[in-house]
Amino acid sequence: MNSASEQPVSPVVVTIAGCNKDDADTVFHVLGESYVSDRADEDTPEYVSEGHTTVWTATFEVTGARSAAGPMRLTAPVEAEIQGGYWAVDRMREVLAAAFDVHDEGMAAGDQEKDVQLRLESRSAA
């Protein structure tokens, strides 16, 4: 069986909506510390139109073990959807769990990939 370091690069699409742009940026920053993204480092989420729901999306190339961020603060819960291969989505969820309290909200599974809905919150005080 292949080890995690031998896994191929696998793209995962992350979609965030219904939160403020700073919280979206925090989530993308955490993931960007661990994986290569189609977003430039200086690319920060912006509102397209005030008063309307904005959806932010990014694709990350998930590879073997990378460093995970420590606990991060959010101003409110963030709803995130991650879609990709089973192995890659599971690795990404682990990175998110190192930075946030992660609550599973739903999942759809297919032959080659799965789509997971998560609610991310600031870590609870120990």
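Reader: Where is the place of Asp-111?
Author: Asp-111 sits in the loop between E5 and E6. Please bear in mind that this is a predicted model.

Reader: Is Asp-111 buried or exposed?
Author: Asp-111 is exposed, since its relative accessible area is 76%, and the cut-off for that word is over 50%.

Reader: How far is Asp-111 from Gly-85 in space?
Author: The C-alpha atoms of Asp-111 and Gly-85 are 9.2 Å apart, while the two residues are separated by 26 residues in sequence.

Reader: Let us step back. What does the secondary structure of the chain come to?
Author: The chain has two helices and six strands. Read from the N terminus, the elements follow the pattern β-α-β-β-β-α-β-β.

Reader: In what order do the six strands lie in the sheet?
Author: The order is E2-E3-E1-E4-E6-E5, in an open sheet with antiparallel pairing. Strand E2 (36-37) and strand E5 (101-109) are the edge strands, each pairing on one side only.

Reader: And how many bridges join E2 to E3?
Author: Two bridges join them, and the strands run antiparallel. Val-36 stands opposite Glu-61 in E3.

Reader: Which residue in E3 is the bridge partner of Ile-16?
Author: That partner is Trp-56. E1 and E3 are paired antiparallel over eight bridges.

Reader: Which residues of E3 are on its covered face?
Author: Trp-56, Ala-58, Phe-60 and Val-62 make up the covered face, whereas Val-55, Thr-57, Thr-59 and Glu-61 are on the uncovered one.

Reader: Turning to the helices, which strands does helix H2 lie across?
Author: Helix H2 (residues 86-99) lies across E1, E3, E4, E5 and E6, and runs at about 150 degrees to E4.

Reader: What is the length of H1, end to end?
Author: H1 has 14 residues and reaches 20 Å from its first C-alpha to its last, close to the 20 Å expected. Asn-20 caps its N-terminal end, with a side-chain oxygen 2.9 Å from the backbone nitrogen of Asp-22.

Reader: Which residues of H1 are buried?
Author: They are Asp-23, Ala-24, Thr-26, Val-27, Phe-28, Val-30, Leu-31 and Ser-34. These buried residues pack against E1, E3, E4, H2 and E6.

Reader: Which residues touch the most other members of the largest nonpolar core?
Author: Val-14, Ile-16, Val-27, Met-92, Leu-96 and Leu-120 do, in a core of 31 residues. E1, H1, E3, E4, H2 and E6 each supply at least two residues, and H2 gives the most, with seven. In soluble globular proteins, nonpolar side chains tend to be buried together.

Reader: What does Val-14 touch?
Author: Leaving aside residues up to four places away in sequence, Val-14 touches Phe-28, Leu-31, Trp-56, Thr-57, Ala-58, Phe-60, Glu-81, Ile-82 and Met-92.

Reader: Lastly, what share of the chain counts as buried?
Author: Of its 126 residues, 36% count as buried. As for contacts with a separation of 6 or more, residues 24 or more positions apart account for 73% of them.

Technical notes:
Residues numbered from 1 in each chain as written. Predicted model: local features only at pLDDT ≥ 70, side-chain atom pairs only at ≥ 80, totals over all residues. Heavy atoms only, no water. Pairing = 2+ DSSP bridges. Helix = DSSP H or I, 4+ residues; strand = E, 2+ residues; numbered from the N terminus. Contact = heavy atoms within 4.5 Å. Axes fitted to C-alpha atoms, helices over the stretch in contact; angles between N-to-C directions. Core = buried A, V, L, I, M, F, W, Y, C linked by side-chain atoms within 4.5 Å. Buried < 20%, exposed > 50% of the residue type's maximum accessible area, 1.4 Å probe, protein only. Expected span 1.5 Å × (residues − 1). Polar contact = N/O pair within 3.5 Å; in protein donor to acceptor, adjacent residues only side chain to side chain.
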